[in-house]
Amino acid sequence: MSEPVFAPGETADVTRLSRAGLLRAAEGSMISPLAVFLPADAQGVSRPVEIGASCQVGPFAVLVQ
């Protein structure tokens with residue numbers, strides 16, 4: 001399976017990140033469907049986003065690598 005490609009500044013939702021193996025959400029965490037993730041840094045390198053146990057990511061939160 002090839003590595004997912006995300007362009008710098010490209011947004012991704014929870015489903016896309018999870019399917020690409022780039023989101024690890026611990027048990028009890030809550031992530032709003034309105035949260036925005038930027039999985040690639042300025043050089044285009046994608047890294048997994050880890051959400052800890054019982055963490056909440058609210059609507060319109062922006063998580064940047």
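This is a predicted model: local features need pLDDT of at least 70, side-chain atom pairs count only at pLDDT 80 or more; totals for chains, interfaces and linings use all residues.
**Entry 1: the whole chain**

I started with the secondary structure. The protein chain has one helix and six strands, and read from the N terminus the order is α-β-β-β-β-β-β.

Next I looked up the overall dimensions. Along the principal axes, the C-alpha atoms fill a box of roughly 30 × 25 × 15 Å. I then checked the radius of gyration. The protein chain comes out at 11 Å, and a compact globule of 65 residues would be near 11 Å, so the two agree.

How much of the chain is buried? Buried residues are 28% of the 65. For the surface I got an accessible area of about 4,300 Å², with 56% of it belonging to carbon and sulfur atoms.

I also looked at how far along the sequence the contacts reach. Of the contacts with a separation of 6 or more, 62% are between residues 24 or more positions apart.

Last item here was charge. I found 4 positive and 6 negative side chains. The centres of the two sets lie 3 Å apart.

**Entry 2: the loop between β1 and β2**

Two residues here got my attention, E27 and S29. E27 sits in the loop between β1 (23-25) and β2, and S29 is found in that loop too, between β1 and β2.

Buried or exposed, I asked of E27? E27 has a relative accessible area of 76%, and the cut-off for exposed is over 50%, so E27 is exposed. S29 is at 16%, under the 20% limit, and therefore counts as buried.

What does the side chain of S29 reach? One of its polar atoms lies 2.7 Å from the backbone oxygen of A26.

Then I listed contacts, leaving out residues up to four places away in sequence. E27 touches A53 and S54, while S29 touches I51, G52, S54 and C55. S54 turns up in the list for E27 and again in the list for S29, which sent me to look at S54 next.

One distance I noted along the way: E27 and L17 are ten residues apart along the chain, and their C-alpha atoms are separated by 17 Å.

**Entry 3: S54**

S54 is found in the loop between β4 (49-51) and β5. Its relative accessibility is 57%, and S54 counts as exposed because that is over 50%.

I checked the backbone as well. Phi of S54 is positive, about 65 degrees, although S54 is not a glycine.

**Entry 4: S32, between β2 and β3**

I moved on to S32, in the loop between β2 (30-31) and β3 (36-38). At 13% relative accessible area, S32 falls under 20% and so is buried.

Which backbone atom does the side chain of S32 reach? I found the backbone nitrogen of L34, at 3.0 Å.

With residues up to four places away in sequence left out, S32 touches V57, G58 and P59. I followed that list to P59.

How accessible is each one? P59 is at 49%, between the 20% and 50% limits, so P59 is partly exposed. F60 is at 64%, which is over 50%, so F60 is exposed. A61 is at 23% and thus partly exposed.

The F60 backbone was worth a note. Its phi is near 70 degrees, a positive value in a residue other than glycine. I had already written down a positive phi for S54, about 65 degrees.

For contacts, again skipping residues up to four places away in sequence, P59 touches S32 and L34. L34 is where the side chain of S32 reaches, at the backbone nitrogen. A61 touches A35 and V36.

P59 and L38, 21 residues apart along the chain, are separated by 15 Å. A61 and L17, 44 residues apart along the chain, are separated by 15 Å.

Notes
Residues are numbered from 1 along each chain as its sequence is written. Side-chain values use heavy atoms; hydrogens and water are left out. Helices (H or I, at least four residues) and strands (E, at least two) are DSSP runs, numbered from the N terminus. Buried means under 20% relative accessible area, exposed over 50%, partly exposed in between (1.4 Å probe, protein chains only). A polar contact is a pair of N or O atoms within 3.5 Å; within protein, one must be able to donate a hydrogen and the other to accept it, and residues adjacent in sequence count only if both atoms are side-chain atoms. Contact means heavy atoms within 4.5 Å. The radius of gyration is taken over C-alpha atoms; the globule rule is 2.2 Å times the number of residues to the power 0.38. Accessible areas come from the Shrake-Rupley method with a 1.4 Å probe; for residues, only the protein chains shown count as cover. Lys and Arg count as positive and Asp and Glu as negative; His and the chain ends are not counted. The place of a charge is taken as NZ of Lys, CZ of Arg, CG of Asp or CD of Glu.
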